[in-house]
Amino acid sequence: MNKHVTSILQALLVTFLWSTSFLIIKKVLPTIPPVTFAGLRYFLASLCLLPFAFRPSHRSEISKLNKRQWMKLLLLGLIFYVLTQGTQFLGLSLLPSASVSLMLNFTPLVVIALSAALLNEKPSGRQLVGIVLFISGALVYFLPLSDIGSQVIGLTVMVLGVISNATSSVLGRNVNRKKDLCPFTITLISMSVGSLVLLQLGLVIEGVPNIPLKSWLSLIWLSGVNTAIAFTLWNRTLRHLTAMESSIINGTMLIQIAILAWVFLGENLSISNIGGMLIASVGAVLVQLRPRVDIERQDCLDYAEDAANNSY
């Protein structure tokens with residue numbers, strides 16, 4: 001089996017693991033308050049990554065971080081973990097899994113809006129079609145609108161989550177595009193800082209929970225397998241998959257989560273729910289795809305930048 005096919009299968013495995021995270025969280029939430037739960041998950045995941053920080057290359061890089069780099073990593077940790085993950089766990093405590101997943105897929109739309117406003121990057125025709133399709137699919141999914149009344153708080157929480165997720169995406173791109181820090185250093189520091197703040201916030205607001213053994217086992221699985229290992233495996237697949245392939249595979253999570261929630265959590269799906277998710281999935285993929293010429297141009301720029309860096 002060649003590397004490309006292997007990477008596709010590995011990426012599908014990662015999206016399946018991430019999809020099961022929604023089920024595990026929904027099952028464990030009755031025993032652990034949401035904010036504390038989110039803090040524990042990512043704190044344990046950062047502990048899984050911590051031993052690798054003692055490798056000479058990682059230790060040397062971390063010791064040479066300047067003040068500006070520290071500030072960006074701290075800000076990324078606060079936005080991505082405290083706000084984004086905190087609101088996601090809160091959302092799962094208030095809304096069905098499929099609804100949370102659909103709301104999170106609004107992120108690329110917000111990223112496009114931010115890029116247009118801040119970076120003067122206008123969306124392509126394909127992306128505009130994707131935006132229309134996604135919004136249409138979301139409306140079909142949530143119809144009739146009269147049913148939203150009981151979910152106002154959860155939807156409000158997820159709107160904040162989508163905005164913070166989009167903001168962290170833009171900031172994360174800003175941090176990574178300079179290539180002066182390896183992905184491990186960025187992940188370890190931002191996750192460690194964000195999870196500590198989130199965990200402390202949860203303990204202050206929600207108190208110290210009495211967590212049963214079964215919930216601890218679920219937490220360990222989420223942290224070690226669905227977070228530390230899955231994120232590492234996903235980054236490895238990006239070496240062999242195009243942006244188009246990664247976007248399409250990542251887009252399957254919306255359907256996976258809905259099916260898993262229906263089978264294991266008993267969350268009913270109507271015909272309009274299913275149709276809305278299918279339309280939104282196609283729209284989400286179109287929004288995230290870049291024209292081949294843009295991909296090739298970026299590859300050329302990356303190659304030139306690497307060549308320049310290696311010449312010193």
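The following legends describe an overview and several close-up views of a predicted model.

Figure 1. Residues are numbered from 1 along each chain as its sequence is written, and side-chain values use heavy atoms, with hydrogens and water left out. Because the model is predicted, local features need pLDDT of at least 70 and side-chain atom pairs count only at pLDDT 80 or more, whereas totals for chains, interfaces and linings use all residues. The chain contains 14 helices and 0 strands; helices (H or I, at least four residues) and strands (E, at least two) are DSSP runs, numbered from the N terminus. Of the 312 residues in the chain, 43% are buried, where buried means under 20% relative accessible area, exposed over 50%, and partly exposed in between (1.4 Å probe, protein chains only). The accessible surface of the chain amounts to about 16,300 Å², and carbon and sulfur atoms account for 68% of this area. Accessible areas come from the Shrake-Rupley method with a 1.4 Å probe, and for residues only the protein chains shown count as cover. Among contacts (heavy atoms within 4.5 Å) in the chain between residues at least 6 apart in sequence, 89% join residues at least 24 apart.

**Figure 2. Aromatic pairs around Tyr-81.** The structure holds 6 aromatic pairs. Rings of Phe, Tyr and Trp (its six-membered ring) pair if their centres lie within 6.5 Å; planes under 30 degrees apart count as stacked, over 60 as edge-to-face and the rest as tilted. One of these pairs joins Tyr-42 and Tyr-81 in an edge-to-face arrangement, at 5.2 Å centre to centre with 65° between the planes. This pair links distant parts of the chain, with Tyr-42 in helix H2 (residues 34-49) and Tyr-81 in helix H4 (residues 67-94), 39 residues apart. Tyr-42 counts as buried because its relative accessibility is 4%, and Tyr-81 is buried at a relative accessible area of 6%. Phe-80 and Tyr-81 also form an edge-to-face pair, with 4.8 Å between the centres and 85° between the planes. Phe-80 is partly exposed, since its relative accessible area is 23%.

**Figure 3. Aromatic cluster of Trp-18, Phe-231 and Trp-234.** These three residues, Trp-18, Phe-231 and Trp-234, form one aromatic cluster.

**Figure 4. Nonpolar cores of the chain.** A nonpolar core is a set of buried Ala, Val, Leu, Ile, Met, Phe, Trp, Tyr and Cys residues joined through side-chain atoms within 4.5 Å. The largest core has 59 residues, of which Phe-22, Ile-25, Phe-37, Val-100 and Leu-102 touch the most other members. Helix H1 (residues 3-28) supplies the largest share of this core, 8 residues. Beyond residues up to four places away in sequence, Phe-37 touches Ile-25, Val-28, Leu-29, Ile-32, Phe-89, Leu-219 and Leu-222. Another core, of 9 residues, lies apart from the largest one and includes Leu-76, Leu-171, Leu-181 and Ile-186.

**Figure 5. Packing of helices H4 and H5.** H4 and helix H5 (residues 97-104) pack at an angle of about 145°, and their axes are 8 Å apart. Axes are lines fitted to C-alpha atoms, for helices over the stretch in contact, and angles run from 0 to 180 degrees between N-to-C directions. The crossing of H4 and H5 is right-handed; a crossing is left-handed if the near helix is turned anticlockwise from the far one by less than a right angle, and right-handed if clockwise.

Figure 6. Thr-87 is found in helix H4 and is buried, with a relative accessible area of 6%. When neighbours within four places in sequence are left aside, Thr-87 is in contact with Val-82, Val-157, Met-158, Leu-160, Gly-161 and Ser-164.

Figure 7. Val-28 belongs to helix H1, and Ser-215 to helix H10 (residues 213-237). Val-28 counts as buried at 5% relative accessibility, and Ser-215 is buried with a relative accessible area of 5%. Not counting residues up to four places away in sequence, Val-28 touches Phe-37, Ser-215 and Ser-218, while Ser-215 touches Val-28, Thr-31 and Ile-32. The C-alpha atoms of Ser-215 and Ile-25 are separated by 9.7 Å, although these residues are 190 residues apart along the chain. Val-28 and Pro-212, 184 residues apart in sequence, are 9.8 Å apart in space, C-alpha to C-alpha.
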